[in-house]
Amino acid sequence: MTQLYLILILVAVVFVTLAAILKRYRRCPSDKILVIYGKTGKNATGSITSARCIHGGAAFIWPVFQDYAFLDLKPISIECNLTNALSKQNIRVDVPCRFTVGISTEPENMTNAAERLLGLSVDSIQNIATDILFGQLRLVIATMDIEEINADRDKFLANVSTNVEAELRKIGLKLINVNVTDIRDESGYIEALGKEAAAKAINDAKKSVAEQNRYGETGKAMADKDTRINVAAADADAVKGENSAKIEIANSDALRRQKTAEAVRLAVAAEKVQAAKALEEAYQSERDAELARAQREEATQKANIVVAAEIDKQKKIIEAEAEAEQIRRKAKGEADAIFAKMDAQAKGMLEILTKQADGFKNLVGAAEGDAQKAVLMMIADKLPELVKTQVEAVKGINIDKVTVWDTGNGTDGKTATSNFISGMMKSVPPLNELFNMAGMELPSFLKGPKADEQPQPTEAEK
C-alpha cells in the first residue's frame, strides 16, 4: 500500500513538472514577434543581447531568468497631411499623404523594435512614426522642384521611401506603402501648369479640325475645277468639230455661230465665278486656322509671362526682406562698434587726466604745498626744450644770399650786418612774452635785470 502511494506521488510530480514545462514553452503566431528578455546570452560579436526576437516557431522560456512579450506585426495606417512645405523653388505646397508602416521582421530591425517599441500602444507607435514621416517628407520636398513633384510621381515616391525607410529602421519599423492623394500650392503654380496643358491640347485640336476642313474644301474645289475644265474642253472640241463641218455654209450658219460664241462666253464666265468662290472658301479656312493659332499663342504667352512674373515678384519680396534684415544687423553692429570705441577713448582720456592730476598733486606735495614752486619745478624741467624751440625757430631758415648796405651809421659800435642778425633774433618771441601770452609769469631769475637796473658804463668804459 505504501509503495502504491509513492508511485502515485511520483506520477503527480512528473505530471506537474511536465505541465509547467509545457506552459513555459511558447509558440509565436505568424502575425507577431516573440520577444524574450532577461538573461538571453551573447550575440555573435560576444556582447550581451538585450532581447532575443523570434518570428515564427517556438521557444522555451526559462522561469525566473527570462520573460516574454509579443510585438504585433499588423500594418499601421498613418495620415500625413503636410501643409506649407517649402519646395526647392521657395514655393509652399500642401502634400496630403497616407503611409502604411509596420514592425520589420529583419533580425536587426526586430531588435531595434524590441528595444524601443516593446510595451507601447498602437497610438504611441503611430505618433512616433508620424513625427519621423513629417520631418522626412519636408526634407524631400525641399530638394525637388514643383514640376518634379507634380509630374514625376515615381521619383518623388522613391525619394520619400528612401529617406523614410532609413529613419524608420532606427526604431524597428518598415515602410509598406506610400500614397499621395493630391498636391496643391498656395500660389496657384500647379493649377496654372494644368490650365496651360489643357489650353494647349484644346488649341491643338481646334487647329487640327481647321486644317482638315481646309483640306476638304480645297480638295472639293479642285475636283469641281477639274470637272468643269474637262467638260469645257469636251464642249470646245465638239463645237470645233461642228464649226469645221459647217465652215462651207457661212451665210446660213452665221446666226448659229453667234449663239455658239455667246454660249462659250457664258461658260467661261461661269467657270471663273466658280473658281473665285473656291478661292474665297479656301482663304476663309486659312483665316480661321490663323485665328485659332493666334488665340493659342496668346494663351501660352499669358501663362508664361503671368506665372513667371508672379514667381519673380515673390522672389524679389523675399530678397528685399533679407537685404533689409542684413542692413539692420550691419547698422546695429556698426553702432555697437562706434559705441565701444568712444567708450574706450573716454576711459583712456579719463585715465590720462587722472594720472596727470595725481602727478601734479604729488609735485605740489613735494614743493611743500606751494603751487608756484611746483610750476617753477615743471618750468625748470622743460627749460631745455623751450630754449631749443626758440633756437629751432631760426635754425631752419634757408638764406641763399643776403646783401647788406653798410652806410657806416652804426651806433654803439654795431654795424649794419650785426644789426640785421640781432633784429632777426629779436623776431623770435622772448620767454617772458611767451609766458605772458599763456597767462603765467616767468620767474625773476630767468628774466634778467630790467633796463633801468642794468649797470651803467663808467667814464673809462665810454
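A residue counts as buried under 20% relative accessible area, as exposed over 50%, and as partly exposed in between, with a 1.4 Å probe and protein chains only as cover. By that rule Gly 56 is partly exposed, because its relative accessible area is 29%. The model is predicted, so local features need pLDDT of at least 70 and side-chain atom pairs count only at pLDDT 80 or more, while totals for chains, interfaces and linings use all residues. Residues are numbered from 1 along each chain as its sequence is written, and side-chain values use heavy atoms, with hydrogens and water left out.

Start with the whole chain. It has eleven helices and nine strands. These are DSSP runs numbered from the N terminus: helices are H or I with at least four residues, strands are E with at least two. Of the 462 residues, 19% count as buried. The accessible surface comes to about 33,100 Å², and carbon and sulfur atoms hold 58% of that. Accessible areas come from the Shrake-Rupley method with a 1.4 Å probe; for residues, only the protein chains shown count as cover. Contact means heavy atoms within 4.5 Å. Among contacts between residues at least 6 apart in sequence, 67% join residues at least 24 apart.

Now the open sheet. Its three strands run in the order E3-E2-E5, with antiparallel pairing. Strand E3 (51-54) and strand E5 (66-72) stand at the edges; each has a single partner strand, so one side of each lacks a neighbour in the sheet. Neighbouring strands here are turned by 25° against each other on average, direction ignored. Axes are lines fitted to C-alpha atoms, for helices over the stretch in contact, and angles run from 0 to 180 degrees between N-to-C directions. Strands of a sheet pair through backbone hydrogen bonds, either parallel or antiparallel. Two strands count as paired if DSSP finds at least two bridges between them. Strand E2 (residues 32-38) is joined to E5 by seven bridges, and the two run antiparallel. Ile 33 stands opposite Leu 71 in E5.

Two rings come next. Rings of Phe, Tyr and Trp (its six-membered ring) pair if their centres lie within 6.5 Å; planes under 30 degrees apart are stacked, over 60 edge-to-face, and the rest tilted. The count by this rule is one aromatic pair. Tyr 68 and Phe 70 have ring centres 5.9 Å apart and planes at 80°, so the pair is edge-to-face. Tyr 68 is partly exposed, with a relative accessible area of 24%. Phe 70 is also partly exposed, at 32%.

Return to Gly 56. This residue is found in the loop between E3 and strand E4 (58-60). The C-alpha atoms of Gly 56 and Asp 31 are separated by 8.6 Å, with the two residues 25 apart along the chain.

A helix lies over the sheet. Helix H2 (residues 107-116) lies across E2, E3 and E5 and runs at about 125° to E3. Asn 112 is found in H2. Its relative accessibility is 16%, so Asn 112 counts as buried. A polar atom of the Asn 112 side chain lies 3.1 Å from the backbone oxygen of Arg 169. Not counting residues up to four places away in sequence, Asn 112 touches Leu 117, Arg 169, Lys 170, Ile 171 and Gly 172.

Strand E7 (residues 92-103) has neighbours of its own. Nine of its twelve residues are buried, so the strand is largely enclosed by the rest of the structure. Nine bridges join E7 to strand E6 (residues 76-86), and the pair runs antiparallel. Ser 77 has Thr 100 in E7 as its bridge partner. E6 and E7 form a hairpin with five residues between them, and Asn 90 in the turn has a positive phi of about 60°. E7 also pairs with strand E8 (residues 173-180), through seven bridges and again antiparallel. Here Phe 99 stands opposite Val 178 in E8.

Finish in helix H7 (residues 254-366), where Ser 285 is found. Ser 285 counts as buried, because its relative accessibility is 11%. Leaving aside neighbours within four places in sequence, Ser 285 is in contact with Arg 214 and Glu 217.

Conventions
Polar contact = N/O pair within 3.5 Å; in protein donor to acceptor, adjacent residues only side chain to side chain.
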